[in-house]
There are 2 protein chains.
Amino acid sequence: MSTHFTTRLHAAIKQKKTPALVGIDPRFEFLPDELQDKAISSGKDPWSAKAKAFAEFGCRLIDVIAPLVPAVKPQAAFFEELGHAGTTALAEVMQHARKSGLIVICDGKRGDIGSTAEAYARAYLAGADPSAAPWGADCLTVNPYLGADTLEPFVKVCQERGAGIYVLVRTSNPGSGEFQDRKSDGKKLFEHVAKVVEDLAQRTSENDWGAVGAVVGATYPEELEQLRTAMPHTPLLVPGYGSQGGTAADVAAAFSSDGLGAVVNSSRGINFAFRSDKYKDQFAPHEWEQAIEQATHDMIADLAQHTPAGKLQ
Amino acid sequence: MSTHFTTRLHAAIKQKKTPALVGIDPRFEFLPDELQDKAISSGKDPWSAKAKAFAEFGCRLIDVIAPLVPAVKPQAAFFEELGHAGTTALAEVMQHARKSGLIVICDGKRGDIGSTAEAYARAYLAGADPSAAPWGADCLTVNPYLGADTLEPFVKVCQERGAGIYVLVRTSNPGSGEFQDRKSDGKKLFEHVAKVVEDLAQRTSENDWGAVGAVVGATYPEELEQLRTAMPHTPLLVPGYGSQGGTAADVAAAFSSDGLGAVVNSSRGINFAFRSDKYKDQFAPHEWEQAIEQATHDMIADLAQHTPAGKLQ
């Protein structure tokens with residue numbers, strides 16, 4: 001069996017019949033009351049107590065969604081906010097996700113030069129064998145500002161280990177165009193970045209898809225359509241669905257006609273479904289896992305109905 | 001006493017009479033033999049054993065240089081490469097640096113959107129009170145690709161806590177121009193980023209200097225001179241001196257005429273001085289701390305002789 005990242009990702013997508021990606025974005029004040037109460041009464045220092053709650057929440061979330069989706073995307077920042085206790089919880093959550101058969105995309109948006117970039121790559125990109133790197137991820141998000149030469153150390157480790165990266169191309173925030181839309185030589189900056197990423201995707205391709213992907217926000221559907229065409233070998237990671245305002249119709253253009261080539265992420269909409277207007281009357285506070293499960297089913301159905309991902313069913 | 005980041009940094013620079021910044025970039029294979037041997041024979045798992053060696057190396061390095069320089073810049077990537085044991089060592093090293101009276105600039109090159117950016121800010125930016133954030137740094141390096149709106153959460157925490165950020169403007173790697181030099185509306189991308197950073201520096205200024213600074217590589221002396229003029233309120237962090245090829249003459253333009261407004265970083269040239277051709281005949285392997293001390297004195301003298309930092313003496 002191939003160890004190539006996107007080949008493995010696509011196998012998982014076909015098995016689960018959905019490209020739904022669940023972000024793991026714990027925020028202490030949004031956690032289920034029972035986990036907050038346990039942390040507060042634990043007597044531990046606040047950072048350690050919250051980190052333990054993050055680990056329990058992340059692992060229980062994984063237990064609910066592992067049968068349903070192909071991959072998870074833990075957000076490093078929320079774990080790092082709790083110091084080294086938080087990063088220990090991040091490692092625990094990522095290991096639990098791998099053991100549960102999920103593809104793990106660590107959302108760290110790392111980037112640096114030369115040997116420093118290589119250190120980030122070796123830290124996070126375990127690839128096919130979870131024990132090959134201490135953080136054990138299949139894949140990492142990477143920032144391209146420093147230049148294409150700084151992506152090379154990541155690509156090298158991807159090829160050695162069957163890992164992947166998603167390079168930020170067009171981000172989902174309101175101000176993403178400020179630098180990313182600046183036009184030179186007839187193209188916007190994000191299009192120049194996209195060209196570099198597509199070249200790397202071609203170079204690392206297997207079964208037509210590269211191990212180097214691109215992050216393109218669901219909040220910019222026109223750019224998403226344009227980039228899918230311009231980057232035929234590049235798998236896309238599409239954030240911004242759900243809480244950030246992107247709809248299934250907005251992300252439809254991210255896919256190739258067979259429903260592959262993209263994963264669509266929802267974080268808050270799944271993680272804290274039990275606090276949302278949509279689900280909070282349907283589920284009691286202690287039924288937070290059932291609310292998460294229902295929200296995941298609803299996202300999967302929404303993507304199946306309105307995008308080529310329906311062909312996977 | 002003011003808690004403003006750059007006011008505190010400048011006080012430290014005046015006290016130590018130098019703008020020399022020492023990077024803390026541990027690499028296991030370059031550590032002193034005694035620390036490598038101790039780790040290998042410790043019986044711990046390799047990542048924990050190496051992390052313990054990183055913590056000891058970092059703390060002993062700090063003990064040597066704390067009387068000599070105003071600030072240190074730990075490189076997060078090399079610690080993260082060892083997993084959560086490594087990040088625990090990073091926290092220990094940063095706490096030891098703060099206790100030793102040093103300004104701590106965590107080199108993490110973080111960047112994300114909205115509440116995620118705020119999580120990174122709250123994680124790293126302790127500012128004036130080291131206990132205000134789990135990682136306890138005064139300052140963090142930040143990547144601007146996602147847009148100016150994503151810098152705001154960092155600026156907010158800087159102002160609340162007397163912390164600082166250095167935003168990547170022109171990096172020191174050979175390929176930094178690929179995206180950073182792209183020209184739109186008559187200016188290169190790094191100049192557009194520089195304008196945003198200078199505006200934030202003005203907004204956060206005290207004693208003429210902002211709490212928002214810029215990273216500009218020593219390997220591009222012309223851009224350094226141009227940016228010093230274009231960014232009169234922006235403190236600069238200049239990497240690339242020493243091992244990367246930048247000379248004291250190359251960095252002279254980074255300073256204002258009183259020798260303030262910039263810190264110049266050396267990492268490998270100081271950390272592993274005892275392995276360099278310049279010092280290895282002068283010091284025995286077990287005299288690695290003396291080699292580090294001599295290399296630091298030599299860097300301070302070099303900057304004093306060839307840059308306006310000489311006015312601090």
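Predicted model: local features only at pLDDT ≥ 70, side-chain atom pairs only at ≥ 80, totals over all residues.

Me: What makes the relation between chain A and chain B that of a two-fold axis?

Reply: Chain A is superposed on chain B by a rotation of 180 degrees, with 0.0 Å of shift along the axis and an RMSD of 0.0 Å. That rotation is therefore the relation of a two-fold axis.

Me: How do you know that the copies meet through the same surface?

Reply: Of the interface residues of chain A, 100% are also interface residues in chain B, so the copies use the same surface. The contact takes 47 residues from chain A and 47 residues from chain B.

Me: Which element gives the largest share of the side of chain A that touches chain B?

Reply: The largest share, six residues, comes from α6(A). By class, that side of chain A has 20 nonpolar, 18 polar and nine charged residues.

Me: Why are α6(A) and α7(A) called roughly parallel?

Reply: Their axes come within 8 Å and cross at roughly 30 degrees. Angles under 35 degrees count as roughly parallel, so α6(A) is roughly parallel to α7(A). The crossing of α6(A) past α7(A) is right-handed.

Me: Which residues make the contact of α6(A) and α7(A)?

Reply: From α6(A) come A117(A), E118(A), A121(A) and R122(A), and from α7(A) come P153(A), F154(A) and V157(A). By class, this contact has five nonpolar, no polar and two charged residues.

Me: Which residues of α7(A) are buried, and what do they pack against?

Reply: The buried residues of α7(A) are P153(A), F154(A), V155(A), V157(A), C158(A) and R161(A). They pack against several elements of chain A, including α1, α6, β4 and β5. Just after α7(A), G162(A) takes a positive phi of about 70 degrees.

Me: What makes α3(A) and α5(A) roughly parallel?

Reply: The axes of α3(A) and α5(A) come within 8 Å and cross at roughly 15 degrees. This angle is to be set against the limit of 35 degrees, under which a pair counts as roughly parallel. The two helices are therefore roughly parallel. Here too a handedness is assigned: α3(A) passes α5(A) in a right-handed crossing. Among the residues in this contact are W47(A), A51(A) and F54(A) of α3(A) and T88(A), A89(A) and E92(A) of α5(A). By class, the contact has ten nonpolar, six polar and one charged residues.

Me: How do you know whether K109(B) is buried or exposed?

Reply: K109(B) has 28 C-beta neighbours inside 10 Å. A residue with 20 or more counts as buried, so K109(B) is buried. K109(B) lies in strand β3 of chain B.

Me: Is D185(B) buried or exposed, and where does D185(B) lie?

Reply: D185(B) has 9 other C-beta atoms within 10 Å. A count of 12 or fewer makes a residue exposed, so D185(B) is exposed. D185(B) is placed in the loop between β6 and β7 of chain B. Its phi is positive, about 50 degrees, although D185(B) is not a glycine.

Me: Why is Q202(B) called partly exposed?

Reply: Q202(B) has 16 other C-beta atoms within 10 Å. Buried requires 20 or more and exposed requires 12 or fewer, so Q202(B), with 16, is partly exposed. Q202(B) is found in helix α9 of chain B. Leaving aside residues up to four places away in sequence, Q202(B) touches G210(B) and H233(B).

Key
Residues numbered from 1 in each chain as written. Chains lettered and ligands numbered in written order. Contact = placed C-beta atoms within 7 Å. Helix = DSSP H or I, 4+ residues; strand = E, 2+ residues; numbered from the N terminus. Nonpolar A, V, L, I, M, F, W, Y, C, P; charged D, E, K, R; others polar. Axes fitted to C-alpha atoms, helices over the stretch in contact; angles between N-to-C directions. Parallel < 35°, antiparallel > 145°, perpendicular 65-115°, else oblique. Left-handed = near helix turned anticlockwise from the far one by under 90°. Least-squares fit on C-alpha atoms with pLDDT ≥ 70 in both.
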